[in-house]
Amino acid sequence: MMLTDPRTTPARPDLAADFLAGTVVATRYVRARERRIVAASAPLRREPRPDAPLDTEALAGEAVRVFEEEEGWAWAQLAGDGYVGYLPVSALGAFEPAPTHRVAVLRTFVYPGPSIKLPPVGALSLMAGVTVSGFEGDFARLADGSAIFARHLAFVGPPLADDFVTIAERFVGVPYLWGGKTSLGIDCSGLVQLALSAAAVEAPRDSDLQERTLGSPLPITEEFTGLRRGDLVFWKGHVGIMVDSANLLHANGHHMATAIEPLAVAAARIEAAGAGPVTSIKRL
């Protein structure tokens, strides 16, 4: 097999996507089946077992290309960022209907009907997609008959905010979760990707890919001067977002939460812990 990034290349020694024929070597090549995430969120794992490392999460409504289903696991590629891994088959449903709306608040309840007095049947995180079939009072009826408070939704397509930092700021206090991408738990690069997506800016999933592809580099000064809101600060394996000229917003393992702190404080602590200095600062 040629040297390709396994995170985004749907290829194994025994199986690969049909469009990779002639590019990678595999025993067989298959055409993907289009599916969609129907669970509130779904773990994309490195191996087909529930205790395997979590690489990322897919949100309700996301499109998925499935290459194989076996013993309750689907080997698949997320259509949005191209991540490849194993999803629970139970989280997958029909590709149609496509989402018409997405969740525009940090988290919202799903009710069995259009009443806040009914016990919720679930909850959806920011940017989850839903298909609205109609409206009843303050509620949007979904294709399966359930209901969501309508003002918690926005149409698919237009950005939720022009300033992606305002989206990231909503996650302050949300617990840190390696591979997480929801309001129940999120990691540093998931926060950047999700916030940019809400502002209609596509971004890869991991911090190394974000560092490589996003924005233009800025000089790294000893006092971190010249920074402004929205600049991205990278370390090896970590990324944060400047909320102003001095303070950094990042989901991190030190606080085990999304937090805002002075960049100088975070940089000194990260370097003292052995993770190295800031590797780059990028401006979008």
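Predicted model: local features only at pLDDT ≥ 70, side-chain atom pairs only at ≥ 80, totals over all residues.

Analyst: Let's start with Ser189. Leaving aside residues up to four places away in sequence, Ser189 touches Arg205, Asp206, Ser207, Gln210 and Val239. The residue belongs to helix 2, which covers residues 188-198. Is Ser189 buried or exposed? Its relative accessibility is 4%, so Ser189 counts as buried, the cut-off being under 20%.

Six strands form an open sheet in the order 20-25-21-22-23-24, and the pairing is antiparallel. Which strands stand at the edges? Those are strand 20 (216-218) and strand 24 (257-262); each has a single partner strand, so one side of each is left without a neighbour in the sheet. On average, neighbouring strands here are turned by 30 degrees against each other, ignoring direction. Helix 2 packs on this sheet, where it touches strand 21 (232-235), strand 22, strand 23 and strand 24. The direction of helix 2 makes about 45 degrees with that of strand 22.

Let's zoom in on two of those strands. Strand 22 (residues 238-242) pairs with strand 23 (residues 247-252) in the antiparallel sense, over two bridges. Across from Ile241 you'll find Leu249 of strand 23.

Helix 4 (residues 263-272) lies across strand 21, strand 22, strand 23 and strand 24. Relative to strand 24, helix 4 runs at about 110 degrees.

Going back to helix 2, have a look at the loop between helix 2 and helix 3 (207-213), where Ala200 lies. Phi of Ala200 is near 65 degrees, a positive value in a residue other than glycine. Most residues other than glycine have a negative phi, and most peptide bonds are trans. With a relative accessibility of 52%, Ala200 counts as exposed.

Met127 counts as buried, because its relative accessibility is 12%. Then there's the peptide bond between Glu96 and Pro97, which is cis, with omega at about 5 degrees. To find it on screen, go to the loop between strand 9 (92-93) and strand 10 (101-103), where Pro97 is located.

Note on methods
Residues numbered from 1 in each chain as written. Heavy atoms only, no water. Helix = DSSP H or I, 4+ residues; strand = E, 2+ residues; numbered from the N terminus. Buried < 20%, exposed > 50% of the residue type's maximum accessible area, 1.4 Å probe, protein only. Contact = heavy atoms within 4.5 Å. Pairing = 2+ DSSP bridges. Axes fitted to C-alpha atoms, helices over the stretch in contact; angles between N-to-C directions.
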